[in-house]
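The following paragraphs lead the reader through a single structure. Please keep the sequence and the model in view while reading.

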Amino acid sequence: LSGSTLLGAIALRGVGISGRSALTCTRRGLLWSAGAGASVGAAEMLSFIVSGMGVPAGRSVPVIVGGSVLFGAVIGSAMLGEVVAAQGWAGAVMIAGGV
């Protein structure tokens with residue numbers, strides 16, 4: 001954990017091996033990254049809440065994970081202008097349906 005934190009801090013600071021900028025960050029990109037992290041955290045908390053209600057984790061977690069993948073594909077396409085190929089949509093649907 002500490003190694004990845006250190007590498008992340010170096011990348012965010014923009015110091016590459018050659019001394020040039022290793023990563024370009026924009027305010028909008030950082031906001032979307034923070035939103036993605038919050039969404040993952042919310043999905044994890046939701047799985048704990050549902051499991052605490054007596055639903056077996058073998059039933060609740062796959063539905064939450066599969067729904068998250070499909071939701072991410074829809075949001076990426078609708079809000080972020082991502083172009084998702086037919087193969088990508090097929091994969092998201094198969095994960096949501098098969099998990």
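Predicted model: local features only at pLDDT ≥ 70, side-chain atom pairs only at ≥ 80, totals over all residues.

How near do the axes of α3 and helix α4 (residues 86-98) come, and at what angle do the axes cross? The axes come within 7 Å and cross at roughly 150°. Axes here are lines fitted to C-alpha atoms, for helices over the stretch in contact, and angles run from 0 to 180 degrees between N-to-C directions. That crossing makes α3 roughly antiparallel to α4, since angles over 145 degrees count as roughly antiparallel, under 35 as roughly parallel, 65 to 115 as roughly perpendicular and the rest as oblique.

Residues are numbered from 1 along each chain as its sequence is written, and side-chain values use heavy atoms, with hydrogens and water left out.

The secondary structure of the chain comes to four helices and zero strands, and along the sequence the pattern reads α-α-α-α. Helices (H or I, at least four residues) and strands (E, at least two) are DSSP runs, numbered from the N terminus. Of the 99 residues in the chain, 11% are buried, where buried means under 20% relative accessible area, exposed over 50%, and partly exposed in between (1.4 Å probe, protein chains only). Among the contacts in the chain with a separation of 6 or more, 24% are accounted for by residues 24 or more positions apart; contact means heavy atoms within 4.5 Å.

The packing of α3 with α4 can now be followed in detail. The crossing of these two helices is left-handed: a crossing is left-handed if the near helix is turned anticlockwise from the far one by less than a right angle, and right-handed if clockwise. On the α3 side, Gly-66, Val-69, Leu-70, Ala-73, Val-74 and Ser-77 take part, and they meet Trp-89, Ala-92, Val-93, Ile-95 and Ala-96 in α4. The residues of this contact of α3 with α4 divide into nine nonpolar, two polar and no charged. In this division Ala, Val, Leu, Ile, Met, Phe, Trp, Tyr, Cys and Pro count as nonpolar, Asp, Glu, Lys and Arg as charged, and the others, Gly among them, as polar. Gly-88 also belongs to helix α4 and is partly exposed, with a relative accessible area of 35%. The C-alpha atoms of Gly-88 and Ala-73 are separated by 8.3 Å, although the two residues are 15 residues apart along the chain.

The next pair is α2 with α3. The axes of helix α2 (residues 27-52) and helix α3 (residues 57-78) come within 9 Å and cross at roughly 155°. That makes α2 roughly antiparallel to α3, and α2 passes α3 in a right-handed crossing. In this contact Ala-43, Leu-46, Ser-47, Val-50 and Ser-51 in α2 meet Ala-57, Ser-60, Val-61, Ile-64 and Ser-68 in α3. The residues here divide into six nonpolar, four polar and no charged.

Which residues of α2 are buried? They are Ala-43, Ser-47 and Val-50, and the buried residues of α2 pack against α3. Ser-47 counts as buried because its relative accessibility is 9%. Leaving out residues up to four places away in sequence, Ser-47 touches Val-61 and Ile-64. Just after α2, Gly-54 takes a positive phi of about 100°.

In α3 the buried residues are Ser-60, Pro-62, Ile-64, Gly-66, Ala-73 and Gly-76, and they pack against α2 and α4. Ser-60 is buried, with a relative accessible area of 5%; not counting residues up to four places away in sequence, Ser-60 touches Val-50, Ser-51 and Val-55. Ala-57, also in helix α3, is partly exposed, with a relative accessible area of 43%. Ala-57 and Ser-47 are ten residues apart in sequence and 7.7 Å apart in space, C-alpha to C-alpha.

Finally, the helix lengths may be considered. The expected span of a helix is 1.5 Å times one less than its number of residues. The 26 residues of α2 should therefore span 38 Å, and the end C-alpha atoms of α2 are 37 Å apart, which agrees.
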